[in-house]
Structure formats: C-alpha cells, structure tokens
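Here is a short report on one protein model. Please have the sequence and coordinates open while reading.

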Amino acid sequence: MNYHKKSDDVPRPRKPQNDVDVHPNGDSKATTSEEAQLMAFTTDDRHFSLIRTLHMADFITLLNGLCGLMSIFSSLRYCLGDPSDCFNLWLAIAFTPFGLFFDFMDGKVARLRKKSSLMGQELDSLADLISFGVAPSCCAFTIGFRTALDNAVLVYFALCGLSRLARFNVTVANLPKDKSGKSKYFEGTPIPTTLSLVFLMAYWVHRKWILDDLPYGVVGNGTWYEVHPAVGLFFISGCAMISKSLHIPKI
C-alpha cells in the first residue's frame, strides 16, 4: 500500500519542508516536530504554497484520485447515452485498476526519493475512497443496481469504505508491529480489495449480464422492496471492510 501511512505505520515528526530521512529498512529518522510542519503549512503565504509543499509521491497519489473521478464520469456518460454502447462502461471499469497502480507506485516513489509529506496519508485515504469506494458504487449503479434498496446497499458499501479508512488512520499506531515497525495485519479487508467486485462486473459486462439481465434477476419486482440479490456482494464486502475480528496479514 501507500508509503505515506503504511510503510512503517507509525505517526512521527517531520521536517518543516515535508522531508523525512528514510533509512533502507523503511524506518525514518525524525528531525523536527510535526507541529513545525503544520506551522509551515499555515504560515506560508507564497503563491501556490499548497502545491509547493507536495512531493512527487503526492502527485502520484493525486493520479489515483484522478482515475477514480474519471471512472465516475465515464459511468455518468454511459447512463446518459445508448445502453447498447458499452464503451463508456468499459472505461469506467478500466480506470479503477489504474488507480490501484498509482496507489502502489506512490509508495515506491516515496521510498526511492526518501521523502514523504504530512499531507500524504490524508491524500492517500481520500484518493482510495474515490477510486475503490465511490467509483465501484457508481459502476454498480450503472450496470443495473438502480432500485431503492440497491442504492441503500451501495451507499452502505461506500460508507463502510470511508469508515474503514478513517479507522485505519486512527488506530494504525496501536496495531501490533513486526521488527521493522510495520503493522502485522490489517483490521478488516483493505479497501483496494473492492477491485474484485469491479473485475466481477467486468465479466458481467463481457457476458452482457447487465441492466435487465443481471445475474440472479430481481426480487419484488414493482414493489417497494424491489432488489437485485447480486447486490448482496457489495453488502458482504462492506461488512468485511469494517470487521474488527477479520485480520488480513500484510505482505
């Protein structure tokens, strides 16, 4: 996952100019207080001061968020167009794996350059929410999960992703660590695992099992409780993300 918050999983002081000296084993050497860097953020009145504080890894993290947004826009274009033309639907699905690529690469770049920023962990969580929480929900709506109960499940799924990321940021310092300082496991499934649902939807699109032909059909057609049973996969995924007892070993 992303280096900003996961390479050593321990919040630590950073330099005022957002630099952290990182040793080859993944640990970092604190050279000043986190408050000093916060002061640099709040007192820098130069033009484009926010952009100046970002490192290369942060810009790669933003590309992750860009992929999520492009997936959402592609889903909207499909909904506004001809249902038989699946080009934009394929685009919506294709952008999400690219988000995972950038989510992986920002950590690699941060390690190679031995620099990270105070904003890095926040950017990473927000970008992950867009690419692996909101974008898959939009793809699911686009392919046919459009009833009121379907939407309630998709909202639950996205909010579970949001809650899972927030919990990670709060509890990461208290998770058991190995000798290198990395957390031994994730509590609940990491949010990028929702790509498994995106790949499943890609298979459905390939087989043209979308809209009125979704797998397992619909229950309660025309009633207030109309729902597609297949949307239960998103409910299960959401529950897995916020699980406290489910421990996923870190690789």
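## Positive phi in a loop

Tyr 216 counts as exposed, because its relative accessibility is 71%. The cut-offs are under 20% relative accessible area for buried, over 50% for exposed and in between for partly exposed (1.4 Å probe, protein chains only). Tyr 216 sits in the loop between helix 8 and helix 9. Its phi is positive, about 70°, although Tyr 216 is not a glycine.

Lys 208 lies in the loop between helix 8 and helix 9. Its phi is positive too, about 65°, and Lys 208 is not a glycine. With 61% relative accessibility, Lys 208 counts as exposed. Most residues other than glycine have a negative phi.

## Basis of the model

This is a predicted model: local features need pLDDT of at least 70, side-chain atom pairs count only at pLDDT 80 or more, and totals for chains, interfaces and linings use all residues. Residues are numbered from 1 along each chain as its sequence is written, and side-chain values use heavy atoms, with hydrogens and water left out.

## Overall make-up

The protein has nine helices and four strands. Helices (H or I, at least four residues) and strands (E, at least two) are DSSP runs, numbered from the N terminus. Their order along the sequence is α-β-β-α-α-α-α-α-α-β-α-α-β.

Of the 251 residues, 45% count as buried. The accessible surface is about 12800 Å², and carbon and sulfur atoms hold 67% of it. Areas come from the Shrake-Rupley method with a 1.4 Å probe; for residues, only the protein chains shown count as cover.

## Helix 6

Helix 6 covers residues 120-143. Its 24 residues should span 34 Å at 1.5 Å a residue, and the end C-alpha atoms are 34 Å apart, which agrees. The expected span is 1.5 Å times one less than the number of residues. Because 17 of the 24 residues are buried, helix 6 is largely enclosed by the rest of the structure.

Helix 6 bends by about 30° at Ala 135, and Pro 136 follows within four residues. The bend is the angle between axes fitted to the seven residues ending there and the seven starting there. After helix 6 comes Gly 144, with a positive phi near 140°.

## Helix 7

Helix 7 runs over residues 148-171.
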